[in-house]
Amino acid sequence: MKRMMYLFMTALIIFSLLPMSANADVDASCQGIKLGQQINWDGVSMSSGQIGKLSIVKDTPLYHFVGSNPIQEKLLSQGNTYRIYTFKEDYLGVGGGYYVKRDSLISYKTPSKQKLQDLACSNGTSKDDDDQGNGVPTTPTIPAIQPKDLGPQVFNLSTMASKAGMDQNGNAYLYVILHGTPASLAVVDLNTNQVRGVYPLQNSTSAWGLDVDRDGTLWIGGTTRGELYSYNPNTDQLKDFGDMMENQSDTSIQDLTVNDQYVYGSTAYGANVFVFNKKTEKKERTLSTVVGKSYAKSLVVDPNNQYLYVSSGPTEDLLIWDLNNNFKVTLPTENYQSESYVEKMKLIDNYLAVKFYPSHKGNIYSFSTGAFLNEFDVDSRGFSPKDEQTNEFYYTYQGNFYGYDLNNGTSRNTNASLPGKANALSLDFINLKDDPSQSILTGLIDNNGTYYLYNPVTNQLKIKKATFPTQPVNLYSIFSDPDKKYIYVNGYMTGGLTQYDTVKKKSIQLSGINQLESAIFVNGKIYAGGYPRARLLEVSPNEPWNQTSVKELISLDKLGQERIPALTSYNNHLFAGTYPQTSTKGGLLLDYDLTTNQYQAYEDYIPNQSIITLLPDDTKIYGGSSIHANYQKANDGAKFFRFDPQNPSEKELIPLPIVNASLVMSLIKGPDGNIWGAADGTIFSYDPVNNSFRTVKMLNGISGRFGNAKLLVGKDGFIYGTIEGRLFKLNPADMSYKNLLESGAYNVEQDAQGNLYYKNLANFYMYPVK
């Protein structure tokens, strides 16, 4: 009873301190419309800033603009409908900076003036706020407060992938992908160790799929939008052929294989293969691999363009595809059913060399016998072609080069060793000008531009390093210190951690740390979830920054985990929630004792789901899950749960009023003492005393696997957040809200003055709160 009275009085006090509703600013035409009220039009709720809607009559391109040029992103499917927020000449804005051309492929409708007036009233504006006083904006909405662009914050050098080739004049090159925003192609002259040129790969932040055709042209498959490029060393020309993605589930090209006529590319997460005609410079078709798979991984095609070999996952399937008859069969890989996929393949004579992941086992498949011949250990990213001088192909394991003789089926250790037991990231033969008769094997061995030159005949090994410029990289996670003086900004994929001083307005980059999925401060130290391998890290930010400042407490990859998206503390214990990648189960809950450095892992905590948010409150810890795990989706909806930190194995599921949500994200303690969070496009408030919910729906759907929304309590008593690129402000008293920015805002933090900070691609922004 005392607790209920305390909460009641606290709520009254907090309510008196909260900012008043904006209803007083709404004119008389808003009578009957409440602030935050849902406005329906044709049976669908309208969204703040909406001026119309379109229906796709026939598949139509989705564009974004670079300057004044429309760049195609993907195709929107017939029958779908989208809200319209702005327009640009002949293009209609669907939000997030994306546009559809207004032509016969779409049908566009605008709501009545009354509907637009009601929508304006529900958002705390009146008809006089627009140019004409008729509720229809004549120009795209400009936010009342302009964010300040603080620029790129994290700069890294990370050489992601490589491929070697020759031009028509006998010059040898190592083609290196530099991770960044955008990614770049660096061309290294292997005769001089000089960088010939660096070429931006617009619309990509990295690239994994690389292959060189018989003419010496390099083909590149990008990530983020699935862009296809080519670089011709004979003309020094880079071409961008645009987005190859057709299925909305596809986001990146995983691998490429090229013959004289076609480029084949594998995709994630739709598990497809696209076919690009080199002569017409057009994509011809998209092929589906295996229904229910999330990605197609490695692939090779025979020179006669008859058979395509492609792996898919999870779990591993290896297909032989008869391209002439569009018929595919699965290779017998019953001994490898626990593998996630075939990471790399190489077609060598009448054999197929394959490398499995995550076991790093290799094997040779014989087409003449229809069976695998000989298993061996391999950690290089694939295999070399066969060297005609030695009749061997090559790979690395624990820093040593191995030669595999296809005549007798034996593998030998050459005893040529890479420094630090490095593994080869690529293996290609070229010829150098000082002795063109010798075939030299080359490729990267790390992410810093170090590469090798290995002569299999003489067994001579040379190590070289090229000098590349650092690149701005996409920002990933944002968090602050307890005093809100410093905002920490982490880099995507290649890591790097920048400390931004909100008082001095200065940034200091702290290198030597990887991509962080989560981070909190405990006892003056940063504890973070490092990617990959789900590593729990301890960072001392106030010491002179070097590698000793970062300590790995535990890695959870041995339990099949890859990420730690949820992290919190309670009584000197760290509680972490994970996303699995190689486990066939769901994520685990980790209880790590900072006093004893002992831990307990509760595996498959939410069956077939991952844990993406955790929040302590009084004697309980609350959590939220994602239906995504192991690149698969659970059949039931995401869970909202709690447990006693003294007995984590006994969890209580709390039924949500949102049916079959895919993500329960960003749990926070609200100013009213309730638990706030986001379930897909709905913001909810949970009262633990009365076991009741209040909700407000902002979006019908949401993207992402580990999270999308981010909430915080502002110094002014409002709740601020980002969701699907929108920055919003919500009044917890009545759950009315207003979008401060309609697009381009991801993640959010706050400084001691109440200003908001968010990220968009490589840039960091400050939104002043007055």
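Guide: Of the contacts in the chain with a separation of 6 or more, 47% are between residues 24 or more positions apart; a contact means heavy atoms within 4.5 Å. This is a predicted model, in which local features need pLDDT of at least 70 and side-chain atom pairs count only at pLDDT 80 or more, while totals for chains, interfaces and linings use all residues. Residues are numbered from 1 along each chain as its sequence is written, and side-chain values use heavy atoms, with hydrogens and water left out.

The chain has 70 strands and two helices. These are DSSP runs, numbered from the N terminus: helices are H or I with at least four residues, strands are E with at least two. Of the 770 residues, 56% are buried. Buried means under 20% relative accessible area, exposed means over 50%, and partly exposed is in between, with a 1.4 Å probe and protein chains only.

K283 counts as partly exposed because its relative accessibility is 27%. Beyond its neighbours within four places in sequence, K283 has contacts that include M244, E246 and F274. A polar atom of the K283 side chain lies 3.0 Å from the backbone oxygen of M244.

Now the rings. The structure holds 47 aromatic pairs. Rings of Phe, Tyr and Trp (its six-membered ring) pair if their centres lie within 6.5 Å; planes under 30 degrees apart count as stacked, over 60 as edge-to-face and the rest as tilted. A pair is described by the distance of the centres and the angle of the planes.

One of the pairs is F376 with F383, edge-to-face at 6.3 Å centre to centre and 75° between the planes. Both F376 and F383 are buried. Another edge-to-face pair is Y500 with F764, at 5.7 Å centre to centre and 80° between the planes. This pair links distant parts of the chain, 264 residues apart: Y500 is in strand β44 (residues 497-501) and F764 in strand β70 (residues 763-767). Y500 counts as buried because its relative accessible area is 5%; F764 is buried too, at 0%.

Rings also form a cluster, made of Y309, Y336, F356, Y365, F367 and F372.

The charged end of K729 sits over the ring of F718, 4.3 Å from its centre, and that of K297 sits over the ring of Y295 at 6.0 Å. A charge sits over a ring if NZ of Lys or CZ of Arg is within 6 Å of the ring centre and within 35 degrees of the ring normal.

Note on methods: A polar contact is a pair of N or O atoms within 3.5 Å; within protein, one must be able to donate a hydrogen and the other to accept it, and residues adjacent in sequence count only if both atoms are side-chain atoms.
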